[in-house]
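Hi,

Here is the structure I said I would pass on. Have a look at it first, and my notes on the contact between two of the chains follow below.

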4 protein chains.
Amino acid sequence: MPETSDRKDDHIRIIEEEDVETSGAGFADVDLVHEALPELHRDEIDTTTTLFGHELAVPIVIESMTGGHPNTTKINRALAEAAQETNVAMGVGSQRAGLELDDEELLESYTVVREVAPDACLYGNVGAAQLLEYDLEAVETAVEMIDADAMAIHLNFLQEAVQPEGDVDARGCLAEIERVAEGLSVPVVVKETGNGISRETASRLADVGVDAIDVAGQGGTTWSGIESHRAAAVGADRQEAIGNLFRAWGVPTAISTLEAASVHDQVVASGGVRSGLDVAKAIALGARAGGLAKPFLGPAGRGTDAVVDLIEQLSLELRTAMFVTGSATLSELRSTEYVVLGRTKEYLEQRR
Amino acid sequence: MPETSDRKDDHIRIIEEEDVETSGAGFADVDLVHEALPELHRDEIDTTTTLFGHELAVPIVIESMTGGHPNTTKINRALAEAAQETNVAMGVGSQRAGLELDDEELLESYTVVREVAPDACLYGNVGAAQLLEYDLEAVETAVEMIDADAMAIHLNFLQEAVQPEGDVDARGCLAEIERVAEGLSVPVVVKETGNGISRETASRLADVGVDAIDVAGQGGTTWSGIESHRAAAVGADRQEAIGNLFRAWGVPTAISTLEAASVHDQVVASGGVRSGLDVAKAIALGARAGGLAKPFLGPAGRGTDAVVDLIEQLSLELRTAMFVTGSATLSELRSTEYVVLGRTKEYLEQRR
Amino acid sequence: MPETSDRKDDHIRIIEEEDVETSGAGFADVDLVHEALPELHRDEIDTTTTLFGHELAVPIVIESMTGGHPNTTKINRALAEAAQETNVAMGVGSQRAGLELDDEELLESYTVVREVAPDACLYGNVGAAQLLEYDLEAVETAVEMIDADAMAIHLNFLQEAVQPEGDVDARGCLAEIERVAEGLSVPVVVKETGNGISRETASRLADVGVDAIDVAGQGGTTWSGIESHRAAAVGADRQEAIGNLFRAWGVPTAISTLEAASVHDQVVASGGVRSGLDVAKAIALGARAGGLAKPFLGPAGRGTDAVVDLIEQLSLELRTAMFVTGSATLSELRSTEYVVLGRTKEYLEQRR
Amino acid sequence: MPETSDRKDDHIRIIEEEDVETSGAGFADVDLVHEALPELHRDEIDTTTTLFGHELAVPIVIESMTGGHPNTTKINRALAEAAQETNVAMGVGSQRAGLELDDEELLESYTVVREVAPDACLYGNVGAAQLLEYDLEAVETAVEMIDADAMAIHLNFLQEAVQPEGDVDARGCLAEIERVAEGLSVPVVVKETGNGISRETASRLADVGVDAIDVAGQGGTTWSGIESHRAAAVGADRQEAIGNLFRAWGVPTAISTLEAASVHDQVVASGGVRSGLDVAKAIALGARAGGLAKPFLGPAGRGTDAVVDLIEQLSLELRTAMFVTGSATLSELRSTEYVVLGRTKEYLEQRR
Ligand SMILES: Cc1cc2nc3c(=O)[nH]c(=O)nc-3n(C[C@H](O)[C@H](O)[C@H](O)COP(=O)(O)O)c2cc1C
Ligand SMILES: Cc1cc2nc3c(=O)[nH]c(=O)nc-3n(C[C@H](O)[C@H](O)[C@H](O)COP(=O)(O)O)c2cc1C
Ligand SMILES: Cc1cc2nc3c(=O)[nH]c(=O)nc-3n(C[C@H](O)[C@H](O)[C@H](O)COP(=O)(O)O)c2cc1C
Ligand SMILES: Cc1cc2nc3c(=O)[nH]c(=O)nc-3n(C[C@H](O)[C@H](O)[C@H](O)COP(=O)(O)O)c2cc1C
């Protein structure tokens with residue numbers, strides 16, 4: 001198996017076996033104010049939203065995770081079938097392997113998603129650093145690969161910096177993102193991968209015409225942590241230590257959501273989102289939808305029904321939160337009363 | 001036994017056997033300022049208050065708990081005898097079973113309270129959602145059932161949302177409450193059941209003419225927790241998880257007391273009130289009286305004397321707090337100096 | 001042995017054997033700012049202060065503790081000999097037994113202090129509530145008993161309220177204190193016994209001419225805790241529970257010191273003072289001296305040398321703190337830079 | 001072996017064997033804001049800085065530690081060889097033994113550093129208190145001993161105060177520092193040794209012409225703690241207790257860095273700096289470089305390579321932090337966005 005593809009396999013094994021989740025996303029510091037008298041029927045609450053021009057039944061995103069190794073086809077099939085069934089959005093993992101390697105079996109790990117989910121909102125994934133190598137056409141190829149509704153460009157420079165073999169040249173990325181945002185046939189979402197996006201960065205991205213931002217903040221899956229494990233396995237002590245040192249680096253998800261939403265209209269909150277209540281809090285903070293990666297990995301291994309079940313669970317949790325805040329729609333939820341406490345409050349106060 | 005009645009039995013068993021109390025009511029964050037030189041005789045302090053037009057010896061309320069199952073007659077008798085003896089207020093549990101089922105033995109579980117407590121301040125209990133089914137006459141029947149001094153209308157939509165069989169239609173409740181508040185022969189108190197009432201909701205209730213508010217805030221008995229246990233018992237995983245997720249949902253009692261008291265004159269603080277010192281703090285925050293449910297359950301099972309003993313204990317604790325804050329009356333206690341610390345302080349600051 | 005006298009014995013046994021110290025005096029929240037370049041010779045720092053018109057070598061007070069039982073003569077002798085040797089101030093415990101019982105052996109437990117400490121600053125002790133029974137002459141008798149330099153009047157109404165046999169009539173005390181403050185031949189210090197004195201109370205005391213205030217705030221020995229143990233021993237459940245409930249009641253010592261010092265010039269900080277560093281912090285907060293009770297009890301049992309040793313230790317600790325804050329005198333220490341953090345900061349902010 | 005020399009040996013043994021590190025430097029309360037899109041090549045980031053007129057490859061200082069005992073030659077050789085190899089700054093420990101004792105072997109423990117590090121930025125070390133005994137010529141002798149690029153004058157009065165044999169005369173030190181700062185042939189840095197330097201002190205030092213300040217704040221190696229252990233070993237109970245009491249005394253490093261940097265241009269942050277990320281935070285707070293002592297002790301014992309390895313590790317950690325904050329140079333890092341939380345935030349707010 002080629003390197004890019006094997007690495008993916010490595011990552012998934014570590015995520016399943018090791019403790020590579022951090023805390024501190026900040027949702028525990030956010031309290032939605034209870035509405036004792038909601039004047040709604042819970043089952044008539046409207047949870048639909050529009051993301052990348054697609055109407056979702058619930059504001060839930062299955063975050064970019066996998067593809068690029070034959071082993072991952074099963075995972076992506078389950079996720080996509082569930083996305084189709086429940087009408088939520090889903091991203092595939094980095095399409096680099098799909099673009100660079102010429103292997104039908106491997107390619108299927110991506111293409112499967114559109115096969116089984118003809119109507120779902122699906123989006124592709126490329127790394128910002130790779131844009132330096134790809135022309136617009138290559139990105140369009142990635143779009144076509146899954147007939148994508150949008151394309152995610154991920155920022156993961158901390159992860160690269162922790163990898164012994166990492167690509168640590170981040171120059172010119174913004175210009176490349178601008179080029180793609182201008183020229184691509186579908187909307188572009190720029191996403192982090194666990195360290196969040198500050199207001200300043202979100203603002204620069206808005207300025208170059210990016211259509212949406214997925215914060216992927218600090219508080220969930222930690223790629224520094226994952227790479228630290230990988231480094232340990234090959235005896236790369238220096239990287240192991242750095243991975244640990246930066247294990248919880250980044251803008252906490254709750255903060256990042258608020259900051260990005262202050263400059264951008266279409267924000268996905270992700271990174272440590274672990275329940276429909278977290279999704280509700282994220283929306284109250286200004287997000288359009290909440291995204292989860294790691295929590296879907298286990299269910300995806302068990303099959304489509306398990307994924308559907310998780311989505312329905314999250315959906316009912318969100319609906320319940322909307323019910324007891326008296327929010328008939330997501331836009332009402334967005335303006336519901338909340339308080340921010342503890343460390344998150346302190347952080348916010350200093351970022352104003 | 002019919003469903004409504006059996007459910008009550010279930011609830012009481014779970015409350016007695018499982019851990020279904022939360023923390024965070026906020027009283028631990030409230031510090032009354034000591035008065036080293038009180039210039040009072042402790043035993044001449046006046047603890048009387050007027051609630052629902054009835055003068056109580058101490059501002060203590062035995063919160064709405066039970067009735068509706070023959071097993072509960074014993075509990076209600078003990079509580080009511082104690083209320084009569086000590087002159088505190090007492091509520092019965094939801095009278096739904098009493099109104100809907102035609103069963104003498106069952107009915108006695110309610111009527112016993114007035115039989116043994118001819119002079120006490122007793123109040124009835126119906127759910128806000130049931131008002132949609134009842135006309136005013138039905139509510140009057142509930143009043144007559146116990147010759148009630150007031151009628152409590154409870155709001156428990158989170159609990160309903162957690163129950164597999166729950167009634168999650170909250171539409172039109174405010175109008176129904178208004179109708180009852182206007183037409184009923186006795187004062188109406190609207191109460192939550194463990195998730196608190198925000199200033200906004202209290203304000204809407206005040207506007208429709210409700211006579212009193214019982215906050216039943218977050219920090220004591222958790223109905224989400226209770227329903228989670230019930231769901232677990234019947235294998236309803238989804239509800240079990242939601243019950244857990246919303247276990248500590250709601251406006252903390254101390255906050256809710258302050259907020260409700262800012263728009264309403266007659267507020268009962270309940271939800272995690274666990275001592276006469278908590279009652280004192282609640283009154284300093286603006287409450288008319290403090291209410292306790294769970295702490296009375298054990299004593300009620302042991303008999304009237306145990307209940308009287310608890311009331312006397314609470315009463316002496318309150319009196320002691322009044323003594324060392326130099327408060328000769330409850331209205332002096334209401335204006336005693338206090339500080340609010342920690343999370344409660346942060347919460348408050350953001351709700352101003 | 002008469003009741004008053006035996007009770008004293010009881011108390012001392014409990015204080016020695018049980019955990020009747022609380023935390024939360026607030027000194028841990030106070031940080032004195034380091035002076036790296038003090039420009040002083042540590043051993044030439046001037047730690048003298050004037051208390052009750054008497055110049056002390058160090059601003060340390062052995063707080064009122066005992067007397068009234070023949071067993072306590074040994075303790076008071078050791079304390080007084082040490083006070084004489086080191087020139088610190090010392091109070092005797094309540095002189096009630098000495099005033100009310102006619103027993104030479106018992107009386108000696110008080111008179112011993114002046115015998116062995118002809119030059120020390122010694123002060124007497126009566127309860128505020130007893131002033132209602134005593135005329136000025138009786139208080140003068142207490143002064144003469146030990147040829148006192150000052151007379152402490154203690155406020156301990158919470159303790160009384162916890163005792164089954166407690167005297168809970170606090171009416172008229174302020175007027176009695178005024179009468180004594182006006183008429184007595186020596187200065188009068190009003191002291192609490194572990195629950196602190198608020199700014200409001202300190203202000204009322206200043207207004208009636210009291211010469212000094214000893215805050216005895218929350219955070220050290222807890223009399224509610226002690227009485228709770230005594231109540232438990234005689235099966236007085238109600239008092240046992242109340243003692244526990246009010247175990248940590250009161251104005252924390254650091255706060256009380258600041259508040260009292262804002263309205264009074266001569267303030268002793270006590271209650272949880274446990275080192276010379278705490279004394280230094282107390283003085284930075286505005287105190288004239290720091291007082292300790294419980295820490296002296298063990299050494300007093302071992303003899304004069306152990307008490308002297310503790311005073312010298314405290315004194316060197318204070319001197320070290322003065323050295324590293326660059327304070328050549330106590331008045332410089334009083335204006336040294338400090339910060340107040342945590343709960344103490346929050347408390348203060350709300351009392352401004 | 002003479003006393004001064006043996007004491008050094010003692011210290012090092014205790015630092016290696018006992019727990020003499022405190023927490024609370026404050027770096028954990030400082031969060032640098034992530035830059036998801038740094039637009040830099042990590043390996044082209046410029047980490048050079050100028051310290052004492054010398055350009056360093058990375059802003060890392062091996063803090064003053066040792067010399068003065070033949071045993072320490074090996075340590076100093078390893079540190080200096082590494083400083084030469086990596087081009088960081090290095091200080092020697094107090095040169096008192098070198099100045100006062102006439103012993104070739106002992107002297108070599110200092111002179112070795114320049115022998116093996118002809119090009120490195122090396123600085124000498126004398127105590128402020130010793131300046132009272134030395135004339136300028138003696139300090140020049142210390143400079144010449146290692147052909148120093150700068151001379152550190154250390155302030156360690158708390159340590160002296162804890163030592164039974166300590167020199168606690170701090171009078172006249174500022175004037176002596178001024179004399180040396182004016183007359184010496186090389187720049188003068190004034191440093192603490194673990195208790196920090198406040199803004200007020202930094203300001204006085206700036207006024208007398210000191211060229212740099214090394215804060216050596218609270219949060220790392222504690223000399224009070226070390227002396228407490230030494231005191232315990234000789235049964236000096238009083239000093240043992242005082243050492244413990246003042247174990248965590250001082251201005252926390254993060255605070256001290258901010259305060260010193262507000263009045264001085266050339267500030268080294270030290271005391272509990274434990275990673276390149278801490279160095280990055282220190283620079284964001286205004287430092288010119290970060291210094292570490294204790295972390296170098298173990299590697300120095302293992303040899304030059306181990307020291308080089310640690311410097312490279314720190315350097316890569318710093319570089320990574322610069323990369324993910326988008327800082328191409330240290331001056332950009334100095335103006336990167338950060339937040340200050342928790343106790344450190346509270347401390348700061350009160351020092352404004
Ligand atoms: C197994 C796994 C694989 C991932 N692969 C990618 C990827 O290929 N591209 C990408 O942009 N993000 C990837 N991520 C990051 C997620 O899309 C997401 O931003 C982040 O993990 C969300 O946090 P959570 O896992 O805490 O929910 C991956 C995450 C996981 C858990
Ligand atoms: C056993 C039990 C039964 C209850 N039943 C009712 C009820 O029927 N109607 C109602 O309005 N509240 C009911 N409650 C809620 C209480 O009236 C009250 O609002 C809340 O529990 C107060 O909190 P505490 O238990 O922490 O003191 C019940 C509570 C308990 C513990
Ligand atoms: C053993 C003991 C006996 C005491 N007896 C008296 C007393 O008779 N009169 C009085 O005013 N305070 C008395 N106190 C209270 C102290 O004077 C003092 O205010 C308080 O305890 C100081 O706190 P500390 O013990 O935490 O240092 C006593 C305290 C102790 C520990
Ligand atoms: C083993 C050791 C010896 C030290 N000796 C000296 C010294 O001789 N002169 C001095 O100015 N500081 C001395 N220091 C203090 C350091 O230079 C420095 O200010 C402080 O320890 C930095 O903190 P850290 O150890 O937490 O990194 C010494 C520190 C250590 C750990």
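Between chain A and chain B there are six salt bridges. One of them joins the side chains of B:R238 and A:E312, with N to O at 3.3 Å. Bear in mind that this is a predicted model. Polar contacts across the interface of chain A and chain B come to 19 residue pairs, both partners at pLDDT 80 or more.

Which parts of chain A do the touching? At least two residues each come from β1 (30-32), α14 (304-323), β12 (338-340) and α16 (342-351) of chain A. The largest share belongs to α14(A), with eight residues on the side of chain A that touches chain B. By type, that side of chain A splits into 15 nonpolar, seven polar and 12 charged residues.

As for the extent of the contact, chain A puts in 34 residues and chain B 36 residues. The area buried between the two chains is about 3200 Å², and carbon and sulfur atoms give 59% of that. A:H34, A:L37 and A:E39 supply 22% of the area that chain A buries against chain B, more than any other three residues.

Cheers

Conventions
Residues numbered from 1 in each chain as written. Chains lettered and ligands numbered in written order. Predicted model: local features only at pLDDT ≥ 70, side-chain atom pairs only at ≥ 80, totals over all residues. Heavy atoms only, no water. Contact = heavy atoms within 4.5 Å. Buried area = accessible area lost by both parts, 1.4 Å probe. Salt bridge = Lys/Arg side-chain N within 4 Å of Asp/Glu carboxyl O. Polar contact = N/O pair within 3.5 Å; in protein donor to acceptor, adjacent residues only side chain to side chain. Helix = DSSP H or I, 4+ residues; strand = E, 2+ residues; numbered from the N terminus. Nonpolar A, V, L, I, M, F, W, Y, C, P; charged D, E, K, R; others polar.
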